[in-house]
There are 2 protein chains.
Amino acid sequence: MHRRDFTKLSAFAAAATTLPTWAQNAAPNATGKLRFAAVGLGGISDIFMRAVSQSEKCAITGLVSGHAEEKAPKYMSQFGIPQTSVYNYSTFDGIAGNPNIDAVYIGLPNSMHAEYTIRAAKAGKHVLCEKPMAISSAECRAMVKACKDHNVKLMIAYRVHYDPTWIKIRDMVRSGAIGELQGFQGGFYGPKQQGEWRLDKKLAGGGSLFDLGIYPLNAIRWIAGEEPTSFTAQTATKIPGPRFASVEESIEFTMKFPSNLLASSGSSYGEYGGAYLNICGTQGSLQVQPAFFYEGLKFTGRTVNGPVEESSPGKAPYQFTLEADHFADCVRNNRTPATPGEEGLADQLAMEAIYKAAGHPVA
Amino acid sequence: MHRRDFTKLSAFAAAATTLPTWAQNAAPNATGKLRFAAVGLGGISDIFMRAVSQSEKCAITGLVSGHAEEKAPKYMSQFGIPQTSVYNYSTFDGIAGNPNIDAVYIGLPNSMHAEYTIRAAKAGKHVLCEKPMAISSAECRAMVKACKDHNVKLMIAYRVHYDPTWIKIRDMVRSGAIGELQGFQGGFYGPKQQGEWRLDKKLAGGGSLFDLGIYPLNAIRWIAGEEPTSFTAQTATKIPGPRFASVEESIEFTMKFPSNLLASSGSSYGEYGGAYLNICGTQGSLQVQPAFFYEGLKFTGRTVNGPVEESSPGKAPYQFTLEADHFADCVRNNRTPATPGEEGLADQLAMEAIYKAAGHPVA
């Protein structure tokens, strides 16, 4: 390489480092970090903020909550956030003029994802939105359009896609480690108690499929690399009383893909059970279990090269940190996230088809 | 105990040992063992005969095969069976006059189960028939009727029911070890190669559901203690060519029970994968895996009393030995087997409903 070329390359690299793309939407950022406002200060946002505090690429610099007076002080103190970067739902749109916030993390109840994604986009802020993306495919489409129209990134928080062990599983399957891929069986089962917003259809949009079943559904679609086109499903509620008056307790479904891949999966809010994904091929299989918790990811199986067993060494909330870092990289380098809005839309379309097959249309 | 009582008791015990009930259908049997003719001398009968050779309650004393000249000599020599107790399909009915055969074990292709069960019943021999019981519920009903009409026992060879570890699992679930039972997820996946009779619908009656999927189906029905009434299913064939020209490669299905228990399960002849059953309750769950192989049965889980992990110490073909011994006890004591013809019929009805739901009616 000629010295002149090397100089040009160095200058380019330096520019890429010191002038992140998000500077177009916000004031220059001396830290070089992507600066998030957390929207919604419930359990999932708490985890996300803890994850970001472990990141070298991101920071929490703003807070948005319907109960900001009550919930914000703890985090203001923890992250050194001034009152001028704390918003409630009425003042949220003022975030547009805040030069210390580049992006929002949306950890609200599902029914509020679309509204706050669109308001953030209009405010010129990039959006990392929790799954499920929204409560209908129409909302998902509106979110994709708004982010495109306002030239901000939209990523759905599918933390599984950013875990090196999950990426290894996907790559093994795609590279033929279990022969030709033939099918999947998955599930995610864990109790929710009365009073949680996820049991209120107005806020949640759906039952356990929207919160738990979406994990094996998304992992199956991701690893398959194609979209399911034929569905069957049944829902059931065995526990009587008000707890499951609004959403079903359990759902089991089957999906068929254009290549004739066949999958079954399920989820429940009324029972303990596994969080697992079995991936079956013509010459072997992988059993991922536990598959979808915050830590403890492990897979075992039989491949064309013999038995395998591997666990992720990551400690919670490492998947959230990796996810946030990916989003920061995408914003910085103007790249499309690995799980863009279109990925959330595809899951939403599948979930709508599953509920329709079960005789419980979502909308 | 008075000496006179003891004498009476001893005499009774001696009578029970030396005069088994099956002596009503056959000549007195000096060994006190239930004497089987194996009908069909393929792989499964080979395993059964090995299992019986480890039993103190049963013996192999006859052989029936369409290729008796070729297949019988090995077993005649092994078990000391005279030529007079070897039959082909034409001479089979002559078994009626054979005083050294009390019962038959039917290890034929599925499509022949009904015919040979009914012919054995007419010959006055008790019947232990492999699963699936037959290839249609109409056949199952005819088998039950024939055995009743001719006053012989009919048992279907559901070996799982006779494994102490499986019985423990069932009893744990029924006694509330995982709270209220809410759901199941099961599956059994293993390749079959072109040329095997199980891939020929004329002989097999159905695909992997009839041979593999019946295991989780039966275990679910058994542990649930009720019959499924609502089904969905999809079949798929991904591997092209003649191998799966006759039966489907894979099937996944869901079942709902009157109590609102929900289950999913599946099976495949085209892929490797698990043989497992997840049993989920309101306060815990059990994962049985491997669940349905000849040995290695293991379960782990979480119960109301904490974590559990247990493996069966049994070595193949111990489940077959226990199954044969149970049948011998039932014949000896004139009791109905734990898995009578009605149990096979119930599975057949469920499998017919599953295939119907998948758009592939069996008959």
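Select Lys57(A) to start: in this predicted model, Lys57(A) is partly exposed, with 19 other C-beta atoms within 10 Å, where a residue counts as buried with 20 or more other C-beta atoms within 10 Å of its own, as exposed with 12 or fewer, and as partly exposed in between, the C-beta atoms being placed from the backbone. Lys57(A) lies in the loop between α2 (43–53) and β2 (58–64) of chain A; helices (H or I, at least four residues) and strands (E, at least two) are DSSP runs, numbered from the N terminus. A C-alpha to C-alpha distance drawn from Lys57(A) to Gly32(A) spans 7.3 Å, although the two are 25 residues apart in sequence.

Residues are numbered from 1 along each chain as its sequence is written, and chains are lettered from A and ligands numbered from 1 in the order in which they are written. Because the model is predicted, local features need pLDDT of at least 70 and side-chain atom pairs count only at pLDDT 80 or more, while totals for chains, interfaces and linings use all residues.

Next, go to Ser246(A), in the loop between β8 and β9 of chain A, which is partly exposed, with 14 other C-beta atoms within 10 Å. Not counting residues up to four places away in sequence, Ser246(A) touches Leu199(A), Asp200(A) and Lys201(A), whereas Tyr215(A), 31 residues away in sequence, is 22 Å away, C-alpha to C-alpha.

Now show both chains: their contact takes 39 residues from chain A and 39 residues from chain B. Among the elements giving two or more residues to the chain A side are β8 (230–236) and β9 (250–256). By class, that side of chain A has 9 nonpolar, 25 polar and 5 charged residues, where Ala, Val, Leu, Ile, Met, Phe, Trp, Tyr, Cys and Pro count as nonpolar, Asp, Glu, Lys and Arg as charged, and the others, Gly among them, as polar.

Finally, in chain B, select Ala38(B), one of the residues with the most contacts inside the largest nonpolar core, which has 222 residues; such a core is a set of buried Ala, Val, Leu, Ile, Met, Phe, Trp, Tyr and Cys residues joined through C-beta atoms within 7 Å. Outside four places in sequence, Ala38(B) touches residues including Phe48(B), Ile60(B) and Tyr105(B).

Terms used: Two residues are in contact if their C-beta atoms, placed from the backbone, lie within 7 Å.
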